[in-house]
Amino acid sequence: MRDTPVIRLVLVEPQRLIREALQALLDKTHGISIVGDAGAAQEAREIVDAHHPDVVLLAMDGWGEREVTLRDALPWLSERTRTLVVTSDIDPNLHARAIQLGAMGIVLKTQSAQSLVKAVQKVHAGELWLDRAQTASLVNRLTRNRTEEDPDATKIGSLTAREREVVTLVTEGLKNKDVAVRLSISEATARNHVTSILDKLALSNRFQLAVYAFRRGLVPCPQMPAILRSTDASRQDVYPRPRRGGSSRRRLA
């Protein structure tokens, strides 16, 4: 049987007792390795920069701490890794804001340990994790204003987190086989993702997708990108491929 990849995780929880309990739980979970822990989101920056974890598990409770986290730390962390928020706050406005700022999932502290482990695994796989009872309300909050202002917002909002990753790689010029390697999926799965994306966005080919992604802000537009200068819609190998970092464990009290 093929071994599953180890998920390298950084744990951020202000209460030491709870942090150590979560460490004990996750350390004994096959396929998860805690590479660092911190007592606050700001303290996690050095760990994230140094060790490039796959997932940051970010506990967020208390009005003062959560406002600082939402405004400052969460967008910064989410640019560098997939972030899963753990909270006891059931306020849907908080959940919606966290997702808007880059969190890929919300786990309530009333949920089971099994749910937490599954959420970590799903977020690592590029999927959004939300409590089923609140999903519809949250999606409505996130899309209501945007759909009124922008007819493309619904189409863009229908893309999964994994499909957004594929969009980014397509704009880098990667072919399906290269996308598959980068995401550790089969080439057929990569091809299916591209087909689904084109269908959802009502586009005909990868070149149109790249143009659309740049114009709609799905990915940052580099200065004079080669894929947009080319008249060959099939041209794909035009971007360098980003590096990945290593890992080891470090603690900040």
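This is a predicted model: local features need pLDDT of at least 70, side-chain atom pairs count only at pLDDT 80 or more; totals for chains, interfaces and linings use all residues.
## Overall make-up

The protein chain holds twelve helices and six strands. It has 253 residues, and buried residues make up 45% of them.

Take the contacts in the protein chain with a separation of 6 or more: 66% of them join residues 24 or more positions apart.

## Helices H8 and H9

Two packed helices are described by the angle between their axes and the distance between the axes. Helix H8 covers residues 161-171, and helix H9 covers residues 176-183. Their axes are 10 Å apart and meet at an angle of about 125 degrees. That angle makes H8 oblique to H9. The crossing of the two is right-handed.

From H8, the contact uses Arg162, Glu165, Val166 and Leu169. From H9, Val179, Arg182 and Leu183 take part. By class, this contact has four nonpolar residues, three charged residues and no polar ones.

## Val179 in H9

Val179 lies in helix H9. Is Val179 buried or exposed? Its relative accessibility is 0%, so Val179 counts as buried, the cut-off for buried being under 20%.

Setting aside residues up to four places away in sequence, Val179 touches Val166, Leu169, Leu174 and Ala190. Of these partners, Val166 and Leu169 are among the H8 residues that meet H9. Val179 can also be placed relative to Val194: the two are 15 residues apart in sequence, and their C-alpha atoms are 9.9 Å apart. Val194 belongs to H10, where it is one of the residues that meet H11.

## Helices H10 and H11

Helix H10 spans residues 187-201, and helix H11 spans residues 206-215. The angle between them is about 60 degrees, with the axes 11 Å apart. H10 and H11 are therefore oblique to each other. H10 passes H11 in a left-handed crossing.

Which residues of H10 meet H11? They are Val194, Ile197, Leu198 and Leu201. On the H11 side, the partners are Arg206, Leu209 and Tyr212. By class, the contact has six nonpolar residues, one charged residue and no polar ones. An α-helix has 3.6 residues a turn, so residues three or four places apart point the same way.

## Asp152, a buried loop residue

Asp152 is found in the loop between helix H6 (132-149) and helix H7 (153-157). Asp152 counts as buried because its relative accessibility is 17%, and the cut-off is under 20%.

Beyond residues up to four places away in sequence, Asp152 touches Tyr212 and Arg216. Tyr212 is also one of the H11 residues that meet H10. From Asp152 to Leu201, the C-alpha distance is 8.2 Å, across 49 residues of sequence. Leu201 is one of the H10 residues in contact with H11.

Thr83 sits in strand E4, which runs over residues 82-87. With 0% relative accessibility, Thr83 counts as buried. What does Thr83 contact, leaving aside its neighbours within four places in sequence? Its partners are Val56, Leu58, Leu74, Leu77, Ser78, Ala103, Met104 and Gly105.

Helix H4 covers residues 92-100. Its buried residues are Leu94, His95, Ala96, Ala98 and Ile99. Gly102 follows H4 and has a positive phi, near 120 degrees.

Most residues other than glycine have a negative phi. His52 has a positive value, near 45 degrees. This residue is in the loop between helix H2 (44-51) and strand E3 (55-59). With a relative accessible area of 38%, His52 is partly exposed.

Ala202 also has a positive phi, of about 60 degrees, although it is not a glycine. Where does Ala202 lie? Its place is the loop between H10 and H11. Ala202 counts as exposed, because its relative accessibility is 60% and the cut-off for exposed is over 50%.

Conventions
Residues are numbered from 1 along each chain as its sequence is written. Side-chain values use heavy atoms; hydrogens and water are left out. Helices (H or I, at least four residues) and strands (E, at least two) are DSSP runs, numbered from the N terminus. Buried means under 20% relative accessible area, exposed over 50%, partly exposed in between (1.4 Å probe, protein chains only). Contact means heavy atoms within 4.5 Å. Axes are lines fitted to C-alpha atoms, for helices over the stretch in contact, and angles run from 0 to 180 degrees between N-to-C directions. Angles under 35 degrees count as roughly parallel, over 145 as roughly antiparallel, 65 to 115 as roughly perpendicular and the rest as oblique. A crossing is left-handed if the near helix is turned anticlockwise from the far one by less than a right angle, and right-handed if clockwise. Ala, Val, Leu, Ile, Met, Phe, Trp, Tyr, Cys and Pro count as nonpolar, Asp, Glu, Lys and Arg as charged, and the others, Gly among them, as polar.
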